[in-house]
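Colleague: Could you take me through one part of this model in some detail? I would like to hear about the ligand site and the helix packing that goes with it.

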Amino acid sequence: MANLFRFAGRSRLEPRRIPREDHPVSRKLISPAALKVLYGLRDAGHEAYLVGGAVRDILAGIEPKDFDIATSAHPEEMRRVFRTARLIGRRFVIAHVRFGAEIIEVTTFRGAITDSHERDETGRILSDNQYGNLESDAFRRDFTANALYYDIRDYSVVDYTGGLEDVQDRVLRLIGDPELRYREDPVRMLRAVRIANKLRFELEPATAEPVARLAPLLREIPPARLFDEVIKILMCRDAVANFRGLRAYGLFAQLFPDTEATLVRYPAMTGFVERALDNTAQRIANDQPVTPAFLYAALLWPMVAERFVRLQAEQGLHPNAALSQAGDEAVARACLRVTLPKRFSMPMQEIWELQPRFDQLQGNKPKRLLAHPRFRAAYDFLVLRSETGDADPALARWWTAAQAGATLPESLDDAEDLAAESATAEGAPKKRRRRSGRRRGGAGTPADG
Ligand code: ATP
Ligand code: MG
């Protein structure tokens, strides 16, 4: 409310303008493609501003990842300037202007929210196609830090909502009445957690307060939109902090209710999920490829693993049948909240279904598994499981050795010896390994006992 009060009773607001010499947003930090769009619009007589995450990130001292532009030009006018612009019309028409691999998102200033906007019974805005000016656009944005505009005409930064001060104080504050703004668009709750963690900002108390209470509003959001948000929030460098934040505010339970319920029953599984998220975060930090299939395999695994055991024990299902049924059920239920596109759910289920095959070390089976196109992802998954008590660490080491050597280890013990040898023989010529090791009767030695 304090926030609303700050603007109450003033019909026309004078923004604060910070001249170029008093802020760090420089053209050197803006991508050439974004600059081309800004100059192109300006030269055609339109207002054009860099806005949103890019301005915020530069002011907060981090490198921006994408560049959003707001303009007075209407979509058809944008197309006259950029003939190849693609108009994307979902909630609001957005133009995508492409330069090589880079896509710049350009939106026309939005009009003020009024009572004439169509809402559902929870307050969510349904139709939204009124154009406006810079001022109305600023107050339509979510957080004050996201409502700072870099003016290409004189390189000043324009601030209507106190965003600059908030960035300096490192607080993330919703513009306007928080409850109203979350009701308009509940996805802002997810954005609050994600952006605060990304910037290491605190959520301003009034911005944080309604979240736990309003978390159930996420059920009103189309599952496909939530998929996009889940990827942004859990497939990034701050994935673990985001996961903890989502859980603390009760948001995770809305996105993945079955996983949350399993984690409450088996808190030890939390370590597994966090480890998987951290694994993905580290791969991103190292510029290695990541896929939602692996992320989702981990997110849904707690309930799949629980159900897998149950279906065998209670219904006597064969392990393969139990796993595939547990997987199908998990996917069907999860998709009620957050869509998982087929192109990811199929490889995800393969990752699960390969897990029992890691136990089979006899005959030709390991060779066939090693040649499976999904072997590597499934093996990474096995390693994660073994690190968190969900699989035998000796088994994971067997498969590590199996990939390293020309011949397969004969047993789990043999794999341990190989691992020890390669650790001590660093730099020394490879020793010929023993034909047979001590045998302890692991899964790979059915003749034992
Ligand atoms: P990042 O790109 O780092 O994920 P961002 O804030 O730029 O963060 P985008 O999704 O690119 O996020 O959105 C660009 C801008 O559009 C935001 O900074 C904000 O001003 C506005 N915006 C995005 N989503 C919303 C929303 N749900 N409600 C209001 N404004 C929004
Ligand atoms: Mg952005």
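Modeller: Happy to; what follows starts at the ligand and then turns to the helices. Please keep in mind that this is a predicted model.

Ligand 1 has 16 residues around it, and those that come nearest are Arg141, Asp185, Arg188, Arg194 and Lys198. Arg141 also makes a polar contact: an N or O atom of its side chain is 2.9 Å from an oxygen atom of ligand 1. At Asp142 the backbone takes part, one of its polar atoms being 3.3 Å from a nitrogen atom of ligand 1. Taken alone, the ligand exposes 580 Å², and the protein buries 82% of that area.

Now to the helices. Helix 8 covers residues 187-199 and packs with helix 11, residues 223-234, at an angle of about 5°, the two axes being 10 Å apart. Angles under 35 degrees count as roughly parallel, so helix 8 and helix 11 fall into that class. On the helix 8 side, the contact is made by Val187, Leu190, Arg191, Val193 and Arg194, and helix 11 contributes Arg225, Leu226, Glu229, Lys232 and Ile233. By class, this contact has five nonpolar and five charged residues, with no polar ones.

Helix 12 brings Ala239, Val240, Phe243, Arg244 and Arg247 to the contact, while helix 15 brings Thr270, Val273, Glu274, Leu277 and Asp278. Here the classes are five nonpolar, one polar and four charged residues.

How values were computed. Residues are numbered from 1 along each chain as its sequence is written. Chains are lettered from A and ligands numbered from 1 in the order in which they are written. This is a predicted model: local features need pLDDT of at least 70, side-chain atom pairs count only at pLDDT 80 or more; totals for chains, interfaces and linings use all residues. Side-chain values use heavy atoms; hydrogens and water are left out. Axes are lines fitted to C-alpha atoms, for helices over the stretch in contact, and angles run from 0 to 180 degrees between N-to-C directions. Helices (H or I, at least four residues) and strands (E, at least two) are DSSP runs, numbered from the N terminus. Angles under 35 degrees count as roughly parallel, over 145 as roughly antiparallel, 65 to 115 as roughly perpendicular and the rest as oblique. Contact means heavy atoms within 4.5 Å. Ala, Val, Leu, Ile, Met, Phe, Trp, Tyr, Cys and Pro count as nonpolar, Asp, Glu, Lys and Arg as charged, and the others, Gly among them, as polar. A residue is near a molecule or strand if one of its heavy atoms lies within 4 Å of it. A polar contact is a pair of N or O atoms within 3.5 Å; within protein, one must be able to donate a hydrogen and the other to accept it, and residues adjacent in sequence count only if both atoms are side-chain atoms. Accessible areas come from the Shrake-Rupley method with a 1.4 Å probe; for residues, only the protein chains shown count as cover.
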